[in-house]
Amino acid sequence: MENKMVVGSQARILYCNQAGRSRIAAAFNKAVAAGEISDPIVLSRDHHDVSGTDSPYRETSNITDGSMWCADMAVQNVIGDAMRGATYVSIHNGGGVGWGEVMNGGFGMVLDGSEEAGEAAVSMLHWDVSNGVCRRAWAGHPLAQHAITNTQNTVPGYNITMCNVADQEMLKNL
């Protein structure tokens with residue numbers, strides 16, 4: 001079988017949705033455990049993702065509740081990733097839009113075939129995506145609200161505080 005090199009966006013962080021990332025990571029870990037892959041695998045992400053970057057000029061520009069100017073999501077993301085078993089996390093600045101214009105959070109996770117690594121990968125990758133989707137849901141984005149409701153209904157143990165959207169007509173009459 002010939003290898004086909006994949007570069008760019010499709011080569012980043014298991015280019016698929018939240019559930020797909022967790023399933024692929026679990027499959028990689030099982031393959032290492034079974035000896036189908038000879039050595040541990042490191043999954044990593046720098047800043048190119050829904051939760052890893054706070055940049056009002058790019059990644060968080062569609063968060064219209066005013067929080068796009070806050071640099072909290074990247075920090076919350078790496079703390080959550082670390083608590084869920086990431087091998088390492090990083091906070092860095094720059095990320096393509098320039099120093100001082102963005103805050104980034106990244107992670108790396110070693111999949112060594114152990115049960116612990118498999119459980120951590122599933123838990124951490126669900127969090128890694130959910131954090132950013134929640135922020136957009138809390139800002140009132142209907143598709144993000146739908147996605148995070150689906151996550152809450154399908155991922156065991158997720159109990160996400162949902163936002164209450166104000167009736168715009170009622171607000172106009174105040």
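Visitor: Which residues does G85 touch, not counting residues up to four places away in sequence?
Guide: Contact means heavy atoms within 4.5 Å. With residues up to four places away in sequence left out, G85 touches M109 and A120.

Visitor: In this predicted model, at what pLDDT do side-chain atom pairs count?
Guide: Residues are numbered from 1 along each chain as its sequence is written, and side-chain values use heavy atoms, with hydrogens and water left out. The model is predicted: totals for chains, interfaces and linings use all residues, local features need pLDDT of at least 70, and side-chain atom pairs count only at pLDDT 80 or more.

Visitor: What pattern does the protein follow along the sequence?
Guide: Helices (H or I, at least four residues) and strands (E, at least two) are DSSP runs, numbered from the N terminus. The protein has five helices and four strands. Read along the sequence, they give α-β-β-α-β-β-α-α-α.

Visitor: What share of the 174 residues counts as buried?
Guide: Buried means under 20% relative accessible area, exposed means over 50%, and partly exposed is in between (1.4 Å probe, protein chains only). Of the 174 residues, the buried share is 40%.

Visitor: Is G85 buried, exposed or partly exposed?
Guide: G85 lies in the loop between α2 and β3. Just after α2, G85 takes a positive phi of about 110 degrees. Because its relative accessible area is 32%, G85 is partly exposed.

Visitor: How far apart in space are G85 and E119, C-alpha to C-alpha?
Guide: Along the sequence, G85 and E119 are 34 residues apart. In space, C-alpha to C-alpha, the distance between G85 and E119 is 8.6 Å.

Visitor: Why do the buried residues of α2 lie on the same side, and what arc do they cover?
Guide: Helix α2 spans residues 73-83, and M73, A74, N77, V78, G80 and D81 are buried there. They lie on the same side of α2 because the arc they cover around the axis, taken from the directions from the helix axis to the C-beta atoms, is only 160 degrees.

Visitor: Which residues are exposed on the other side of α2?
Guide: An α-helix has 3.6 residues a turn, so residues three or four places apart point the same way. The buried residues of α2 pack against β1 (41-45), β2 (53-54), β3 (88-93), β4 (103-111) and α3 (115-138). On the other side of α2, the exposed residues are I79 and M83.

Visitor: Which residues is A121 in contact with, leaving aside its neighbours within four places in sequence?
Guide: A121 belongs to the largest core. Leaving aside neighbours within four places in sequence, A121 is in contact with A25, M109 and L111.

Visitor: What is the relative accessible area of L43?
Guide: L43 is found in strand β1. The C-alpha atoms of L43 and A25, 18 residues apart along the chain, are separated by 8.1 Å. L43 counts as buried because its relative accessible area is 8%.

Visitor: What is the relative accessible area of S114?
Guide: S114 sits in the loop between β4 and α3. S114 and K30 are 84 residues apart in sequence and 8.2 Å apart in space, C-alpha to C-alpha. S114 is partly exposed, because its relative accessible area is 25%.

Visitor: Over the ring of which residue does the charged end of R84 sit?
Guide: A charge sits over a ring if NZ of Lys or CZ of Arg is within 6 Å of the ring centre and within 35 degrees of the ring normal. The charged end of R84 is 4.2 Å from the centre of such a ring, and that ring belongs to W127.

Conventions: A nonpolar core is a set of buried Ala, Val, Leu, Ile, Met, Phe, Trp, Tyr and Cys residues joined through side-chain atoms within 4.5 Å.
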